Amino acid sequence: IRIEVHMGSNDGRLRFSKQNVVYKSSKTGKVDNIPAAELSQATWRRVCLGHGIKLATSTGHVYKYDGFRDTDYERISEFFKANYKVELTEKDMCVKGWNWGTAKFSGPLLSFDVNDSSVFEIPLASVSQCATGKNEVTLEFHQNDDAEVSLMEVRFYVPPGPADEGADPVEAFAANVLSKADVIQATGDAVCVFKELQCLTPRGRYDILIYPAFLHLHGKTFDYKIPYTTVLRLFLLPHKDQRQMFFVISLDPPIKQGQTRYHFLILLFSKEEELRLTLNMSEEEVEKRYEGKLSKNMSGSLYEMVSRVMKALVNRKITVPGNFQGNTPGAQCITCSYKAQSGLLYPLERGFIYVHKPPVHLRFEEISCVNFARGTTTTRSFDFEVETKQGNQFTFSSIEREEYGKLFDFVNAKKLNIKNRGFKEGMKSKNNEYSDSDEDQHDAYLERMKAEGKIREEGDGSNDSDEETGEYDSNASESESGSGGDGSDDEGKKKKPAKKAKVVKERKPRKEKKQKDTNAPKRPMSSYMLWLNSSREHIKSENPGISITEISKKAGEMWKQIGKDDKEGWDRKAEEAKKNYEKAMKEYRENGGGSSTPSKKYETTHTHTHTHQGRLVEGAVGGRTPCHNWNGTV
């Protein structure tokens with residue numbers, strides 16, 4: 001079922017129970033809960049996506065749901081009567097196409113009616129501005145970034161009323177709109193003010209003025225007013241250095257600056273900053289409005305004061321990291337990169353959040369699967385890929401391999417689907433090799449020797465033959481990864497044995513490449529090549545500037561369209577050219593052409609040993625390849 005939000009619609013799931021009506025958005029995870037006692041009106045109507053239900057509550061809210069089938073009406077109507085004591089009334093929309101009628105304001109909706117049938121309805125909360133002119137009212141709307149087309153403006157012509165009426169109908173119309181519109185006006189004093197807070201997105205230092213209904217960010221360049229109704233979630237996240245704290249505010253819809261959208265407001269605090277805060281209210285007002293969540297005079301760390309005030313005014317819980325512990329002692333996050341920007345990934349109890357550029361929040365319920373992949377640039381790190389049910393993929397790269405076991409245990413405990421779990425058996429044997437950093441070192445000298453001499457058939461087993469697979473052991477545990485990364489005591493104390501010189505197998509002589517006889521007659525062309533040579537200039541003249549590859553492509557298409565008779569003509573020419581070639585080749589051989597064969601060359605293979613930078617190296621060099629002189633001695 002889809003719900004109308006910000007002049008657009010979002011997918012979700014709708015549940016009618018005896019106690020309430022619950023809708024959960026698939027996009028944001030936000031849950032709307034309507035108690036059954038608050039339902040005052042229910043309307044069934046035909047809409048563009050089938051049938052819809054409009055629910056009105058006694059608190060003045062209106063909810064619109066689309067996507068029902070015609071056959072659902074009887075079932076839902078009976079359920080509403082039995083459990084909500086509300087009649088589900090059918091109401092037809094007016095489809096006459098008339099553009100004059102009556103404007104009716106009912107709660108948060110403006111309904112334009114013709115003969116008591118609604119033509120369209122405008123949710124006044126979507127109005128961003130209302131301007132008046134002579135007999136005219138213009139409504140401007142918030143842009144919906146998720147919609148392909150957004151309604152931005154509607155103009156109403158309001159005819160003048162009788163002369164004896166004192167009130168201006170245009171001003172009355174505008175006053176009704178502004179009373180419910182989402183036009184934030186800073187009236188009255190702020191509850192409290194936080195000066196010069198460091199903000200990462202949008203970047204800069206802002207004064208934050210806390211009002212009862214909205215948050216005001218005041219900076220040197222920009223101002224933002226954020227209604228508390230747009231706040232989805234609050235996060236308080238400790239920085240990896242354990243000296244700073246992130247306070248993250250998730251917003252829907254986002255705040256806008258030009259074409260930039262900020263879905264998250266991220267503040268950065270130092271743990272050492274202290275603050276004494278006095279609310280601009282009496283103690284009785286504070287106690288009555290916030291029910292003990294706040295007090296008139298408070299003191300403590302700055303981040304604690306901001307988070308405490310926001311929690312009380314927004315009335316939402318603050319999400320903090322769970323029991324996950326990274327490889328760094330005390331760290332509850334993982335250092336990684338996302339879209340070439342370095343940041344921190346926090347595994348939470350119900351999702352992941354990445355800060356800070358760009359911020360990403362992924363809920364477990366929207367994750368389809370995760371994947372542990374080998375790093376693209378180095379074997380000392382790995383990538384963590386998350387794929388959502390909508391088909392989007394997020395890749396967090398350059399994660400230190402010491403974090404692998406703990407992150408895997410966390411994902412496994414949360415019962416997330418691990419994409420490469422099937423590779424676990426093959427990866428077990430390679431786990432120790434992966435953990436040993438010395439074995440991953442690349443020997444450039446041996447590589448150069450192989451490239452120059454082309455004599456080694458088998459590389460060094462520990463350096464070259466044991467290549468790592470492209471994905472990680474999905475069955476590894478934290479203990480295995482931890483012990484492998486640090487190295488056990490026994491392994492640390494033992495010295496590595498010196499590498500023994502290998503016996504190099506003799507290389508088989510190469511087969512001589514057949515020499516081409518330049519004096520022999522040229523081979524005949526096929527019928528297609530004969531046609532192409534005759535048609536190439538014609539194709540170029542019809543297609544000026546065409547490239548060589550495009551000529552071939554165009555010629556292939558034209559050749560397919562040539563008639564059977566024309567092709568037979570070119571086949572005859574090709575057959576004639578073939579006979580001429582065979583005749584010329586016969587005469588060439590009779591005159592002694594092509595009889596000389598190159599003298600056979602013999603190859604010798606010898607083994608040499610030399611010392612390079614204090615290390616013994618052996619190699620075999622073929623007879624045609626000169627023996628190189630390293631450091632002046634061989």
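## Close-up views of a predicted protein model

View 1. Proline 202 sits in the loop between strand S15 (192–201) and strand S16 (204–210). Helices and strands here are DSSP runs numbered from the N terminus, with at least four residues (H or I) for a helix and at least two (E) for a strand. The bond joining threonine 201 to proline 202 is a cis peptide bond, with omega about -10°. Most peptide bonds are trans. This is a predicted model, in which local features need pLDDT of at least 70 and side-chain atom pairs count only at pLDDT 80 or more, while totals for chains, interfaces and linings use all residues. Residues are numbered from 1 along each chain as its sequence is written, and side-chain values use heavy atoms, with hydrogens and water left out.

View 2. Look for proline 253 in strand S20, which covers residues 244–257.

View 3. Most residues other than glycine have a negative phi. Glutamate 196 is not a glycine, yet its phi is positive, about 50°. You can find glutamate 196 in strand S15. Its relative accessibility of 43% makes glutamate 196 partly exposed (buried is under 20% relative accessible area, exposed is over 50%, and partly exposed is in between, using a 1.4 Å probe and protein chains only). Serine 398, in strand S31 (residues 393–400), also has a positive phi, about 60°, without being a glycine. Serine 398 is partly exposed too, at 42%.

**View 4. Valine 62 and its contacts.** Valine 62 belongs to strand S7 (residues 62–68) and is partly exposed, with a relative accessible area of 26%. Which residues does valine 62 contact, leaving aside its neighbours within four places in sequence? They are Lys54, Leu55, Ala56, Pro108 and Leu109, where contact means heavy atoms within 4.5 Å. Leucine 109 is 47 residues away from valine 62 along the chain, and their C-alpha atoms are separated by 8.0 Å.

View 5. Side chains of opposite charge can pair when their charged atoms come close. A salt bridge is counted when a side-chain nitrogen of Lys or Arg is within 4 Å of a carboxyl oxygen of Asp or Glu. Lysine 64 and glutamate 4 form one, at 3.9 Å from N to O. This pair connects distant parts of the chain, since lysine 64 is in strand S7 and glutamate 4 is in strand S1 (residues 2–5), 60 residues apart. Lysine 64 is buried, at 9% relative accessibility, whereas glutamate 4 is partly exposed, at 34%.

**View 6. Two further salt bridges.** Lysine 104 and aspartate 113 pair at 3.6 Å, N to O. Elsewhere, salt bridges with shared partners link Glu4, Arg45, Lys54, Lys64 and Glu121 into one network.
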